[in-house]
Amino acid sequence: MKTTRLIKIVNTLIVIVTVMATCHPTVVNAFNTNNAELLEIKPSSALITAKKSSTLKIEIDVEELKKIRLERKRAEEEQRRIEEERRKAEEASKIVYDGMTLEELSNKLNRSLNSDLGGKGELFAKLSIEYNVDPYLAVAISMHETGCKWNCSRLVKSCNNVGGMKGSPGCGGGAYASFATLDEGIRAFISNISRNYASKGLTTPEAMGPKYAGSQEWPSKVRSYMNEIKAK
């Protein structure tokens, strides 16, 4: 085939150029003639210049060379696509928590998330895994603190605060923190649990309660939500 022959020529050219480069060439010229590339190399090596002909000329069809490069690029892109699909398939089948894949965990959390938090199960799942936080605990606290089992509170609707976190800028100028977006508020909430509680060994409602909330009923209420989430 013409393409195969051209590839052989190109490969031969590469070998020749490499050899002659080792011999310290003094002249290298490349130019186009009638839609073809002409490569001219004149080496200064005594071994080569002693011969009668010291100039190498190889003519290559430019269009054929372009086709080869395009085919190679397409093959590389296809290989990258296949590898990415394989990576996604492996990721999708990976067990991330409580014997479930990310998709299964996301769906489970979504069955308990309503109102403004409806459909945010995947985000809760991903961030909980990222920050090494119990996803059941994170969702349970947000449900208890903001009433999102039925209809989220003003703190969520107006200031995207899903965990009753205090800070600045304040929501409406108050003590509770305000966030630009709901996703930002969820990330800040789970990050807060990770930094200030989980990293210190406070990984259950009972352990977190005294520090997170002043109410003695807080741990049992959050635990009740956790059990409800697990059961769905």
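Is Arg 81 buried, partly exposed or exposed? Arg 81 has a relative accessibility of 38%, so Arg 81 counts as partly exposed. The cut-offs here: buried is under 20% relative accessible area, exposed is over 50%, and partly exposed lies in between, with a 1.4 Å probe and protein chains only.

Some ground rules. This is a predicted model, where local features need pLDDT of at least 70 and side-chain atom pairs count only at pLDDT 80 or more, while totals for chains, interfaces and linings use all residues. Residues are numbered from 1 along each chain as its sequence is written, and side-chain values use heavy atoms, with hydrogens and water left out.

Stay with Arg 81. Its side chain meets that of Glu 78 in a salt bridge, 2.4 Å from N to O. A salt bridge here means a side-chain nitrogen of Lys or Arg within 4 Å of a carboxyl oxygen of Asp or Glu. Both residues sit in helix α3, residues 62-92. They are three residues apart, about one turn of the helix. Helices are DSSP runs of H or I with at least four residues, strands are runs of E with at least two, and both are numbered from the N terminus. Glu 78 is partly exposed too, at 36% relative accessibility.

How many salt bridges does the structure hold? The count is 10.

Two of them reach helix α8. First, Lys 120 pairs with Asp 183, the closest N and O atoms being 2.5 Å apart. Lys 120 lies in the loop between α4 and α5 and Asp 183 in helix α8, so this pair ties together parts 63 residues apart in sequence. Lys 120 is partly exposed at 21%. Asp 183 is partly exposed at 36%.

Next, Glu 130 and Arg 187. Their closest N and O atoms are 3.3 Å apart. Glu 130 is in helix α5 and Arg 187 in helix α8, so here the parts tied together are 57 residues apart in sequence. Arg 187 is partly exposed, with a relative accessible area of 36%. Back in the other group, salt bridges that share partners join Glu 78, Arg 81 and Glu 85 into one network.

Now helix α4, residues 102-110. Which of its residues are buried? Leu 105, Ser 106, Lys 108 and Leu 109. They cover an arc of only 160 degrees around the axis, which puts them on the same side of α4. That arc is taken from the directions from the helix axis to the C-beta atoms. And what do the buried residues of α4 pack against? The list is β4 (95-97), β5 (100-101), α5 (121-130), α6 (135-146) and α10 (218-231). Contact means heavy atoms within 4.5 Å.

Last, the cysteines. A disulfide is a covalent bond between the sulfur atoms of two cysteines. The rule used is a pair of cysteine sulfur atoms within 2.5 Å. That rule gives two disulfides. In sequence order, the bonded cysteines pair 1-2, 3-4.

Cys 148 and Cys 152 have their sulfur atoms 1.9 Å apart. The torsion about their S-S bond is about 125 degrees, so this disulfide is right-handed. Cys 148 is buried at 0% relative accessibility. Cys 152 is buried at 4%.

The other disulfide joins Cys 159 to Cys 171, S to S 1.8 Å. Cys 159 is in helix α7 (residues 154-159), and Cys 171 is in the loop between α7 and α8 (182-196), 12 residues apart. This link is right-handed, with 75 degrees about the S-S bond. Cys 159 and Cys 171 are both buried.
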